[in-house]
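Hi,

Here is the structure I promised to pass on. Have a look at it first, and then read my notes below.

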Amino acid sequence: VFLQTSKGRLYRSKDGGEAWDDITDGFKGKGADSSDATVVDQIVVSHADRNVVGVVGTKHMHWITDNAGLTWRRVRHKATIHSFTFHPTRASWALVSTWTPECSKPPQTKKEKEREAENHQYCQHMLYITKDLGRTFQLVATYVVQFNWGHESHGQQDRIYFTRFRQGDGDQPKLTLWTRDVDFCYTDNQGGKINKRIPRGNKFLISNNYIFVAKLKDQEAQT
């Protein structure tokens, strides 16, 4: 049993919750800077194998275990992990989304923005897949808003559904209003071919073997 506190500490119990051990400081020896306090932001458990657990920490520090927390391995990714979603049936697969470093930069001058545009350095929400528990990553899509695995009841457990902005460059805007620029898509080969399923499909939900998609009708009326 794992327990995350409001202050970002991680506790582990090996007897069903009778006794607890604070294991947070143990991550410092797994690649974290010993001068910085480790803060746990999120715990993710694989549905395919409950022994596989991912820990998303702050300051680009993330770890994974495949033996219920006996040992941990640092997940190395150049960007800050925003979301981590395990595959429903494959324990070593997961979808990982990140925001590019440009998203966290302070307000820039016009010249700085022009320089980043020349180098195609934009704020984007990127979607990756890992098939080896975070050892390597493959890019699936850019400018992503929302994503999830398909449902195994329809044989779609390897399908990736997602919504994304159509734009091919520039900073990704925030989805604060319904927009004609976001589409509902899917891929069956981890981004090799992206299929646009519902144009202007802004948000979706997979529940009880159904897929619900909210599609924009009129942007001015926000319906």
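The cut-off for a disulfide is a pair of cysteine sulfur atoms within 2.5 Å. Cys185 is also buried, at 3% relative accessibility. (Buried means under 20% relative accessible area, exposed means over 50%, and partly exposed is in between, using a 1.4 Å probe and protein chains only.)

Before I go on, two notes on the source. This is a predicted model, where local features need pLDDT of at least 70 and side-chain atom pairs count only at pLDDT 80 or more, while totals for chains, interfaces and linings use all residues. Residues are numbered from 1 along each chain as its sequence is written, and side-chain values use heavy atoms, with hydrogens and water left out.

So which cysteines do form a disulfide? Cys103 and Cys123 do, with their sulfur atoms 2.1 Å apart, and the count for the structure is one disulfide. In general, such a link is a covalent bond between the sulfur atoms of two cysteines. The link of Cys103 and Cys123 is right-handed, with 105 degrees about the S-S bond. Cys103 sits in the loop between strand E9 (94-99) and helix H1 (110-118), and Cys123 in the loop between H1 and strand E10 (125-130), so the pair ties together parts that are 20 residues apart in sequence. (Helices, H or I with at least four residues, and strands, E with at least two, are DSSP runs numbered from the N terminus.) Cys103 is partly exposed, with a relative accessible area of 28%, whereas Cys123 is buried at 12%.

Back to Cys185, which turns up again in the largest nonpolar core. A nonpolar core here is a set of buried Ala, Val, Leu, Ile, Met, Phe, Trp, Tyr and Cys residues joined through side-chain atoms within 4.5 Å. This one has twelve residues in all, including Trp93, Leu95, Leu127, Phe147 and Trp149. The elements that give two or more residues to this core are E10, strand E11 (138-141), strand E12 (144-149) and strand E13 (160-165), and E12 provides the largest share, three residues. Apart from this core lies another, of eleven residues, among them Val44, Phe86, Ala94 and Val96. As a general point, nonpolar side chains in soluble globular proteins tend to be buried together.

Next, the rings. A search of the whole structure finds ten aromatic pairs. Rings of Phe, Tyr and Trp (its six-membered ring) pair if their centres lie within 6.5 Å; planes under 30 degrees apart count as stacked, over 60 as edge-to-face and the rest as tilted. Phe184 and Phe204 have ring centres 5.2 Å apart and planes at 55 degrees, so this pair is tilted. Phe184 belongs to strand E14 (residues 182-187) and Phe204 to strand E16 (residues 201-207), so the pair ties together parts that are 20 residues apart in sequence. Both of these Phe residues are buried. Tyr210 and Phe212 also make a tilted pair, at 6.3 Å centre to centre and 40 degrees between the planes. Here Tyr210 is exposed, with a relative accessible area of 56%, and Phe212 is partly exposed at 47%. Elsewhere, ring pairs link Phe2, Phe27, Trp63 and Trp72 into a cluster.

Two arginines lie over ring faces as well: Arg90 over Trp93, at 4.5 Å from the ring centre, and Arg159 over Tyr186, at 4.0 Å from the ring centre. The rule is that NZ of Lys or CZ of Arg is within 6 Å of the ring centre and within 35 degrees of the ring normal.

One last thing to check is the backbone at Asn208. Its phi is near 50 degrees, a positive value in a residue other than glycine. Asn208 is found in the loop between E16 and strand E17 (210-215), and is exposed, with a relative accessible area of 65%.

Cheers
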